[in-house]
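Subject: Structure for your attention

Dear colleague,

Please find the structure below, followed by an account of what was found in it. I would be grateful if you could read the two side by side.

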2 protein chains.
Amino acid sequence: MKETEFGYIKWIQKHLKYRSDVIIGSGDDCAVIKLPDDNLLYATIDTIIEGIDFLSDTPAEKIGYKSVAVSLSDLAAMGGGFERRYALISVALPKKFRKPSFTHNLFKGMHRICKRFGVQIIGGDLSATRGHLTITSTLLAVRNKLAPATRSGVSVGDAILVTDRLGGSILGKHLSFMPRLEEAKILTERYKITSMIDISDGLLQDLRHILEAGKVGATLDEVSIPISQDAEKLSRQDRKSSLYHALTDGEDFELLFTAPLEEAMEIIKDKELKNTPISIIGLAQKPKGIRLCTRQGQITRLTPTGFRHF
Amino acid sequence: MKETEFGYIKWIQKHLKYRSDVIIGSGDDCAVIKLPDDNLLYATIDTIIEGIDFLSDTPAEKIGYKSVAVSLSDLAAMGGGFERRYALISVALPKKFRKPSFTHNLFKGMHRICKRFGVQIIGGDLSATRGHLTITSTLLAVRNKLAPATRSGVSVGDAILVTDRLGGSILGKHLSFMPRLEEAKILTERYKITSMIDISDGLLQDLRHILEAGKVGATLDEVSIPISQDAEKLSRQDRKSSLYHALTDGEDFELLFTAPLEEAMEIIKDKELKNTPISIIGLAQKPKGIRLCTRQGQITRLTPTGFRHF
């Protein structure tokens, strides 16, 4: 579930009691259920909403693409290698969008990403709404071998890694990003990944989830943070630093993960991962909290939400 | 998927191609997937929206209850006896509802029905919306023996049956109905049920789905249609007949099903089903179309959508 301001989710999670067939319940990127034959079923649900996750004039195909991609990113964060993937998609459609050209393109975008990742659209629901366009997708996947890559498991000394470059997603990437399923598959099959999450709320926010689960802190290395061109572009527009954008912008949908340092050194040299740059951005350490080692060698404390140091 | 006016769903279904592990895709009450060990996974998604499926001042607990109950009703329509049931629930919350008292009661309603039917809430999503309160629930269930009860399979001569009484659901039942999972279990385990659906769009509409799938017609028997007290009450208010309400009102969430006549005669005598009245309301016949044999013995043709004969 997403982080929110009203304490709702923690209250709910406290009230949920799970049977033993629920391996992972609410609180990670996906739920994981043990099937009768010990295969694992992964499930996640995500909603995108007009005016918040996309604009009223965003092209329908991009909206459709994003609606499925966000859930696929959650799936990637649990590790890749899923044999069978399925989607159920529910669309609440306001009157202004009820034109065949819109709905067909919406479906085209969903279909494009589903085809790319072998996802079968097995069901859906279409309702009229007087409110905003709202699309909810549930992704299901079955996997039979690997243990899930969860948010918890990081230890002091582990390297913190991230795929690709960060920040400025609002300029376009949030509608066209590629869920990191293939990278996650290689990472989890070949290496000891101690924790993993996808970056939806921003690097610092999502790193905080991993660190809190592992009861550790971290020091990030300013020169190692991979900053995207769009973060640079945004920085020129809004006078915030590009580093600020890389650390706090949401919806990058890159993988943020940890591994023992020696594994991390192998990962960044893995030739099969060379299409997606992977960076070691810091180390898990005591004490708790997130620190930054600046370009000048100074240590600054970063607050996960505010971050007004730059 | 729900019926709609814009031909969207049929267009999509035409474009969906399924692998062999998808036993039932889009177009029935649930999708059905074959798991690696031949167990079957049932999945359905449903959305309820403020101003359409409930009012802005509907008590939160009732909204929460309904959000899960509609999906459980879809599950019932595939037959009962599911061993393991799971829910993922996504809530798009407008500002006016962001009070702990509302969200807690919303969850209470979800939790109450989940507990009643052994459903584990394994995940969710909570988003802010500037539009209307919108709740999407996905229900998952695993079953290992019975073939699913689908919408197709009715033959000429089969009896048409329905649980409980129909019509006037808008007066309250649509927020408090009991999904017919236990009845469905007994029906599908003991009897040869040739087709089954839950009544969400109204008896005539949903009967049409079954008849079209089986390429048959039907004659209903006016005196046998079980009319609810709320249908009578509505009738006194709006001058439409109570029969009209029983035949066309949506959201009764009762089971509509067919069985060979000799099976049907056993069903209505089954003592384990005595808590829920079951009625034989007509017979599947050639030619296509739905006819009504009136109290006076006349045969009238019923149109599934309009029905302005009464």
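A:Pro287 is found in the loop between strand S11 (278-285) and strand S12 (290-293) of chain A; helices (H or I, at least four residues) and strands (E, at least two) are DSSP runs, numbered from the N terminus. The peptide bond that leads from A:Lys286 to A:Pro287 is cis, with omega near -10°. In chain B, B:Pro287 lies in the loop between strand S11 (278-285) and strand S12 (290-293), and a cis peptide bond with omega of about -10° joins B:Lys286 to B:Pro287.

This is a predicted model, in which local features need pLDDT of at least 70 and side-chain atom pairs count only at pLDDT 80 or more, while totals for chains, interfaces and linings use all residues. Residues are numbered from 1 along each chain as its sequence is written, chains are lettered from A and ligands numbered from 1 in the order in which they are written, and side-chain values use heavy atoms, with hydrogens and water left out.

Most residues other than glycine have a negative phi, and most peptide bonds are trans. B:Asp164, in the loop between strand S7 (159-163) and H4 of chain B, has a positive phi near 55°. B:Asp164 is partly exposed, at 22% relative accessible area (buried means under 20%, exposed over 50%, partly exposed in between, with a 1.4 Å probe and protein chains only). B:Arg239 has a positive phi near 65° and lies in the loop between helix H7 (229-238) and H8 of chain B. With a relative accessible area of 82%, B:Arg239 is exposed.

I turn next to the interface. In chain A, 67 residues are in contact with 67 residues of chain B, contact meaning heavy atoms within 4.5 Å. The two chains, A and B, bury about 6000 Å² between them, 65% of it on carbon and sulfur atoms; buried area is the accessible area (1.4 Å probe) that two parts lose on being put together, summed over both. On the chain A side, A:Tyr8, A:Ile45 and A:Leu126 lose the most area to chain B, together 12% of what that side buries.

Between chain A and chain B there are 22 residue pairs in polar contact (both at pLDDT 80 or more). A polar contact is a pair of N or O atoms within 3.5 Å; within protein, one must be able to donate a hydrogen and the other to accept it, and residues adjacent in sequence count only if both atoms are side-chain atoms. Elements that give two or more residues to the side of chain A that touches chain B include helix H1 (8-15), helix H3 (100-116) and strand S5 (119-129) of chain A. The largest share of that side, 10 residues, comes from S5(A).

Over all chains, the structure holds six aromatic pairs (rings of Phe, Tyr and Trp, the last by its six-membered ring, with centres within 6.5 Å; planes under 30 degrees apart count as stacked, over 60 as edge-to-face and the rest as tilted). The rings of B:Phe97 and B:Phe102 are stacked, because their centres are 4.4 Å apart and their planes at 25°. Both B:Phe97 and B:Phe102 are buried. B:Phe177 and B:Phe253 are also stacked, with ring centres 4.1 Å apart and planes at 20°.

Yours sincerely
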